[in-house]
Amino acid sequence: MLLANNTKGILFIISAVFCFSIMNGVTRHLSETYNVITLNMFRYWFFALTIILLSSKSRGNIIKISNSKKKYLQIFRGSLLAIQMCFAHYCFLKLGLIETSAILAIGPLFVTALAIIFLNERVNFSRLIAIGLGFFGILIILRPGLSVFDPMSYVALACALAYASYQILTRFISSYDGAGTSFFYTGIAGAVILSLVGPFFYVNVNGYDWILILSIAILGTSAHFFIIKAYQLSQASSLQPFNYLPIVFNSFIGIIFFGEVIEVPVLIGSLIIIFAGLYTLKVK
C-alpha cells in the first residue's frame, strides 16, 4: 500500500510539472501580445474562484479556512509567489524557456541554503559542497562579464531566490496553519495583489486568445491541486528529484514551438545544478 501511494504521488508530481510547463509555454506565446501581469491576474482570478468554491463545500466554511495564526505572513507569502511568477514569465519571454528554466533550477539549492539559515536545519560539509557546486553551475550558465551575458539573467536568478523564500515560508507556516489555509491564502492573496496592478496593463483580448487564457488558468490550478495530492501520498524526499523535470519539459516546448537552442554552457551548468541538487537530497 505504501509503495502504491508513493507511485501515485510521483505520478501526481510529474503531472503537476507537466501542467506548469505547458502553462509556461502558452503564457510565453500570449506574452508576445499581452502583459504578463494581466495574464497572471486572469489566472489567479480563476484560481481564487476555484478555492472559494472548494472551501465553501468542505468541512466548516471559508471563515474557518481563512483563520490563520500567521495571517500577515500568509498574505506576504501568497503575494510573493504571484509577483515572482509575473517576473518569471517575463523572463520566459526575454530569455527563453530553456535558459530561464536552467537558472530557476537553482531553486532547490537556495531552499537548502535558506533552511540552514532561517530554519536551523542540520548542515554538514557535504551539503555545503553541494550548494557551492550548484552555484558554480549557475556561473557557467550566467557567464558574467562575457559579451553574451544578458542582464535579464539576474532577474531569473532573483525569481529562483523568491520562489525558494516562498517555500521556506511555506515550511515555517505549516507549523501554525493547515494545508487548506495555506492553499487559500496562496490563491486569494495573489488574486488581490495582481488585481491592484493588472487592470492598468489590460488590452483588448482577441476571441481565440480567451481560450488560451482559460487554458493557462485551468493548467495552473490543476498543477497546484496535483502538488497537494502528491505530498499527501508521498514523502517530500522521494518527490524532490522530479522538480528538475521542468528543464526537460520546457526545453522540448522551447525547441519545438519557439525555435530555441540549448547552448553548451546552459546544458553543462544545468547538469551540474541537477547533480548538486540530487546529491544534497542524498546527504540529508
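The model is predicted, so to speak of a local feature takes a pLDDT of at least 70, side-chain atom pairs count only at pLDDT 80 or more, and totals for chains, interfaces and linings use all residues. Residues are numbered from 1 along each chain as its sequence is written, and side-chain values use heavy atoms, with hydrogens and water left out.

**Helices and burial**

Helices here are DSSP runs (H or I, at least four residues), numbered from the N terminus. A residue is called buried when its relative accessible area is under 20%, exposed when it is over 50%, and partly exposed in between (1.4 Å probe, protein chains only).

The buried ones are Leu97, Ile98, Glu99, Thr100, Ser101, Ala102 and Ile103.

Here are some other buried residues, with their relative accessibility:

| Residue | Relative accessibility |
|---|---|
| Arginine 28 | 11% |
| Serine 182 | 8% |
| Threonine 186 | 2% |
| Methionine 41 | 2% |
| Leucine 39 | 1% |

**Charged and polar partners**

How many salt bridges are there (a side-chain nitrogen of Lys or Arg within 4 Å of a carboxyl oxygen of Asp or Glu)? The count is one. It pairs the side chains of arginine 28 and glutamate 32, at 2.7 Å from N to O. Arginine 28, remember, is a buried residue.

Next come polar contacts. These are pairs of N or O atoms within 3.5 Å; within protein, one atom must be able to donate a hydrogen and the other to accept it, and residues adjacent in sequence count only if both atoms are side-chain atoms. Helix 9 (residues 179-195) holds threonine 186, and serine 182 lies in helix 9 too. The side chain of threonine 186 makes a polar contact of 3.0 Å with that of arginine 77, while the side chain of serine 182 makes one of 3.1 Å with that of glutamine 74.

What else do these two residues touch? A contact means heavy atoms within 4.5 Å. Leaving out residues up to four places away in sequence, threonine 186 touches Tyr44, Phe47, Arg77, Gly78, Leu81 and Tyr166. With that same rule, serine 182 has Gln74, Arg77, Ile173 and Asp177 as its contacts.

**The nonpolar cores**

A nonpolar core is a set of buried Ala, Val, Leu, Ile, Met, Phe, Trp, Tyr and Cys residues joined through side-chain atoms within 4.5 Å. The largest one has 36 residues, and Leu30, Tyr44 and Leu194 touch the most other members. Elements giving two or more residues to this core are helix 1 (2-30), helix 2 (36-57), helix 4 (71-94), helix 8 (152-173), helix 9 and helix 10 (207-233). Helix 2 gives the most, with nine residues. There is also a second, separate core of 26 residues, which includes Leu109, Ala160, Ile168 and Ile247.

Leucine 194 is worth a look. Not counting residues up to four places away in sequence, leucine 194 touches Ile37, Asn40, Met41, Tyr44, Ala82, Cys86 and Pro199.

Leucine 39 and leucine 194 are 155 residues apart along the chain, with 9.7 Å between their C-alpha atoms. Methionine 41 and valine 192 are 151 residues apart in sequence, and 8.7 Å apart from C-alpha to C-alpha. Setting aside neighbours within four places in sequence, leucine 39 contacts Thr27, Leu30, Ser31, Tyr34, Ile213 and Ile216, and methionine 41 contacts Leu194, Ser195, Gly198 and Pro199.

On a 1 Å grid over the protein atoms alone, a cavity is a set of points where a 1.4 Å probe fits but cannot get out, and a pocket is an open set with protein on both sides within 12 Å along at least five of seven lines; lining residues have an atom within 4 Å of a point. Grid points are joined across faces, edges and corners, and a volume is the space filled by probe spheres set on the points.

A search of the whole structure turns up one cavity of 30 Å³ or more. The largest cavity has a volume of about 30 Å³, and its lining consists of Tyr34, Thr38, Leu39, Phe42, Val203, Val205 and Ile213.

The second largest pocket has a volume of about 310 Å³. Of its 15 lining residues, Leu54, Gly180, Phe183, Phe225 and Ile228 lie nearest its centre. Helix 2, helix 9 and helix 10 each give two or more residues to this lining.
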